[in-house]
Amino acid sequence: LEAGLVEGGLVFGVQTLLDMQTTVNFSQAKMLSKDGRCKTFDQSADGYVRAEGCGSFFVHPNRNGHVSV
C-alpha cells in the first residue's frame, strides 16, 4: 500500500484452541462457566467461556494517503 503497488488488501486472523490441556487446567481451577454460556457483566456470570474465532478487514489508502480500515 505504501509503495502504491496495490489499491487495497484483505487482512485475516484466526484463533484456534489446539491444546486441550489448557482447557483441562482452567476447568480444574474452576475458571470456566459451569453451563458453558458467556454472561459478561451479568450478576449470574460464573466464569468465562473459551472460544475460537476469526476476523477479517479490508485496508486501503484514503484521500490523504493514510491507510484506512
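Of the 69 residues of the protein, 6% count as buried, where buried means under 20% relative accessible area, exposed means over 50%, and partly exposed lies in between (1.4 Å probe, protein chains only). The structure is a predicted model, in which local features need pLDDT of at least 70, side-chain atom pairs count only at pLDDT 80 or more, and totals for chains, interfaces and linings use all residues. Residues are numbered from 1 along each chain as its sequence is written, and side-chain values use heavy atoms, with hydrogens and water left out.

Confidence comes next. The mean pLDDT (the predictor's confidence in each residue, from 0 to 100) is 89 for the protein, and 97% of the residues score at least 70. Strand 1 has the highest confidence, at 94, whereas strand 3 (residues 67-68) has the lowest, at a mean of 72.

The fold holds 1 helix and 3 strands, taken as DSSP runs (H or I of at least four residues for helices, E of at least two for strands) and numbered from the N terminus. Read from the N terminus on, these elements follow the order β-α-β-β. The C-alpha trace spans about 50 × 30 × 15 Å along its principal axes. The radius of gyration is 20 Å, while a compact globule of 69 residues would have one near 11 Å; the radius is taken over C-alpha atoms, and the globule rule is 2.2 Å times the number of residues to the power 0.38. Among contacts (heavy atoms within 4.5 Å) between residues at least 6 apart in sequence, 51% join residues at least 24 apart.

Leu 1, Leu 5, Val 6 and Val 67 make up a nonpolar surface patch with about 380 Å² of accessible area together. Leu 1 itself sits in the segment before strand 1 (9-15) and is partly exposed, at 33% relative accessible area.

Side chains of opposite charge can pair when their charged atoms come close. With a salt bridge defined as a side-chain nitrogen of Lys or Arg within 4 Å of a carboxyl oxygen of Asp or Glu, the count comes to 2. Lys 39, buried at 17% relative accessibility, pairs with Asp 35, the closest N and O atoms being 3.0 Å apart. Lys 39 also meets Asp 46 in a salt bridge at 3.5 Å, N to O. Asp 35 is partly exposed at 45%, as is Asp 46 at 27%.

Note on methods: Patch = residues over 30% accessible without salt bridge, like charges linked within 9 Å, V, L, I, M, F, W, Y side chains within 5 Å. Areas by Shrake-Rupley, 256 points an atom, 1.4 Å probe, with all protein chains shown as cover.
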